[in-house]
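Let's take a walk through this one together, a few residues at a time. Have the picture ready to turn as you read.

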Amino acid sequence: MSDALEKAAADAVAAADNTRQVEIIAAFLAAQQLLNQQQPQQPAPAPRSEFDTKKWLTLGFLGIAGGLVASLFAVAVAIGAVSVAILALVLRSLWADYQKGR
């Protein structure tokens, strides 16, 4: 009877080991399923707005107007600089003539 008892004990130990392995495999598969479910999803692309012709024409005209104003300002500054240079030359010439007349 001792042989039958030892065999039954060995079978019980083997069954317990097998059950433990099945539990570990089941836990591993459950963890994999959870990880697969938690993968971040790609965000949906933002909807593109329609092309607004009026906006771009307005920006173009404002850019052209700004460029014209800047160029006119540059011309005015250049004319003022030339005028100051001519005034300085005339005053220097008058001062030289005044100094000679002394």
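Start with Tyr-98, which is partly exposed because its relative accessibility is 48%; buried would mean under 20% relative accessible area, exposed over 50%, and partly exposed in between (1.4 Å probe, protein chains only). Before going on, a word on the source: this is a predicted model, where local features need pLDDT of at least 70 and side-chain atom pairs count only at pLDDT 80 or more, while totals for chains, interfaces and linings use all residues. Residues are numbered from 1 along each chain as its sequence is written, and side-chain values use heavy atoms, with hydrogens and water left out.

What does Tyr-98 pair up with? Its ring partner is Trp-95, and this is the 1 aromatic pair that the structure holds. The ring centres of Trp-95 and Tyr-98 are 5.7 Å apart and their planes sit at 35 degrees, so the pair is tilted. (Rings of Phe, Tyr and Trp, using Trp's six-membered ring, pair if their centres lie within 6.5 Å; planes under 30 degrees apart are stacked, over 60 edge-to-face, and the rest tilted.) Both residues belong to helix α2 (residues 53-100), 3 residues apart, or about one turn of the helix. Trp-95 is exposed, at 54% relative accessible area.

Now jump to Gln-37, found in helix α1 (residues 2-37); helices are DSSP runs (H or I, at least four residues), numbered from the N terminus. Gln-37 is exposed, at 64% relative accessibility. From Gln-37 to Ala-96 is 59 residues in sequence and 96 Å in space, C-alpha to C-alpha.

Key
Helix = DSSP H or I, 4+ residues; strand = E, 2+ residues; numbered from the N terminus.
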